[in-house]
Amino acid sequence: MKTFSTLLAASLALSTSTIAAAAPCPTTPAVKRALCQLRQGSFDERYEACRALRRMKGKAREAAIPLLVRLLRHGRPVPKRVPHIPPRDLRWQAAYALQSMGAASVAPLLGALKSRHAYARQAAAQTLGYLPADKRVVAALVKALRDPNSRVRALAARSLGRKGQLTGKRAVKALIAATKTPHREALEAAVVALGKIAEGKVAQKRPVELPGASVGCLRRALRHSHPRVQISAAEALRPFGRHGAAAVPELIKALSYKSDLAKREAILTLRFLGKRATAAIPRLKALLAHRNPRVRGDAEWALKSIGSR
């Protein structure tokens with residue numbers, strides 16, 4: 001009889017502890033008010049509820065995660081009410097609130113990345129870049145590089161660039177494939193991500209994955225017609241070290257582009273290459289007479305680094 005009583009007491013204690021562990025965090029009045037506004041409020045009330053959740057602390061606000069994920073599909077911002085003030089976008093306010101909640105919002109955002117709503121996928125792809133990363137996040141972002149929406153692809157590439165220390169060959173291969181897109185924004189984001197991933201590996205004294213193939217993509221990007229792609233490609237080449245020397249012909253050609261910013265980025269990359277960029281000396285000397293004093297100064301600096309002056 002005593003044994004039965006002991007077992008019954010132990011069973012009840014275990015059940016009580018299990019229920020307590022599974023119980024949700026107590027909801028504060030501020031969280032309750034925000035939940036009510038997210039469910040039934042007007043646009044302005046939901047907008048302010050998202051902002052309030054960002055400022056709150058503690059796990060109680062995590063009760064709002066499902067409602068915030070639902071708001072990610074809200075695509076159109078409210079029309080401008082005051083001249084010179086940008087419209088308010090409820091979708092991004094919800095994304096910022098999810099971002100402030102950290103790891104608790106990773107799993108719901110991974111689900112949002114599979115949504116049929118392009119706006120939800122865009123917000124999820126960007127927000128995941130600022131949250132604690134693991135292999136699931138990296139794998140989901142790699143898959144998002146093949147999304148039919150070019151904006152989703154661009155945001156996924158940017159987020160992968162922020163996860164440089166966790167990315168491997170699979171992510172680099174996917175980014176290399178993403179540079180073949182005709183969409184300028186997605187191309188630029190993939191180029192920047194390749195440079196950031198290489199920079200992260202160099203900082204950790206780890207080998208850079210697929211440096212030859214990556215530099216080949218960056219060389220093609222340097223020949224792109226848009227100055228922003230040219231600038232991003234020139235900057236992304238720097239962490240590749242000796243492998244970047246293969247792009248010297250494209251960098252020399254970039255010294256003749258119309259954009260002074262593109263010229264300056266190409267000059268700085270040639271300076272990083274040092275003696276490997278001796279073929280650029282004649283063109284750099286010609287830039288010493290350029291109308292822009294910053295271009296002249298960068299060219300002189302690069303010539304000193306290469307060893308011509």
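Author: Helices (H or I, at least four residues) and strands (E, at least two) are DSSP runs, numbered from the N terminus. K143, for one, sits in helix α8. This is a predicted model, in which local features need pLDDT of at least 70, side-chain atom pairs count only at pLDDT 80 or more, and totals for chains, interfaces and linings use all residues. Residues are numbered from 1 along each chain as its sequence is written, and side-chain values use heavy atoms, with hydrogens and water left out.

Reader: How many helices and strands are there in the protein chain?

Author: The protein chain has 17 helices and zero strands.

Reader: Is K143 buried or exposed?

Author: Buried means under 20% relative accessible area, exposed over 50%, and partly exposed in between (1.4 Å probe, protein chains only). K143 has a relative accessible area of 55%, so it is exposed. Across the protein chain, buried residues make up 46% of the 309 residues.

Reader: Which residues of helix α10 are buried?

Author: In helix α10 (residues 169-178), they are A171, V172, A174, L175, I176 and A178. Contact means heavy atoms within 4.5 Å. The cover over the buried residues of α10 includes α8 (135-144), α9 (150-162), α11 (184-203) and α12 (211-222).

Reader: What is S232 in contact with, leaving aside its neighbours within four places in sequence?

Author: S232 belongs to helix α13 (residues 227-236). Its contacts, with those neighbours left aside, are E188, V191 and V192. S232 counts as buried because its relative accessibility is 9%.

Reader: How many salt bridges does a search of the whole structure find?

Author: A salt bridge is a side-chain nitrogen of Lys or Arg within 4 Å of a carboxyl oxygen of Asp or Glu. The search finds 14. One of them joins R184 to E188, with the closest N and O atoms 2.7 Å apart.

Reader: Why are R184 and E188 separated by about one helical turn?

Author: An α-helix has 3.6 residues a turn, so residues three or four places apart point the same way. R184 and E188 are four residues apart in helix α11, and therefore about one turn apart. R184 is partly exposed at 28% relative accessible area, while E188 is buried at 11%.

Reader: Which residue forms a salt bridge with E265?

Author: R238 does, with the closest N and O atoms 2.4 Å apart. This pair links distant parts of the chain, 27 residues apart: E265 is in helix α15 (residues 260-273) and R238 in the loop between α13 and α14 (248-254).
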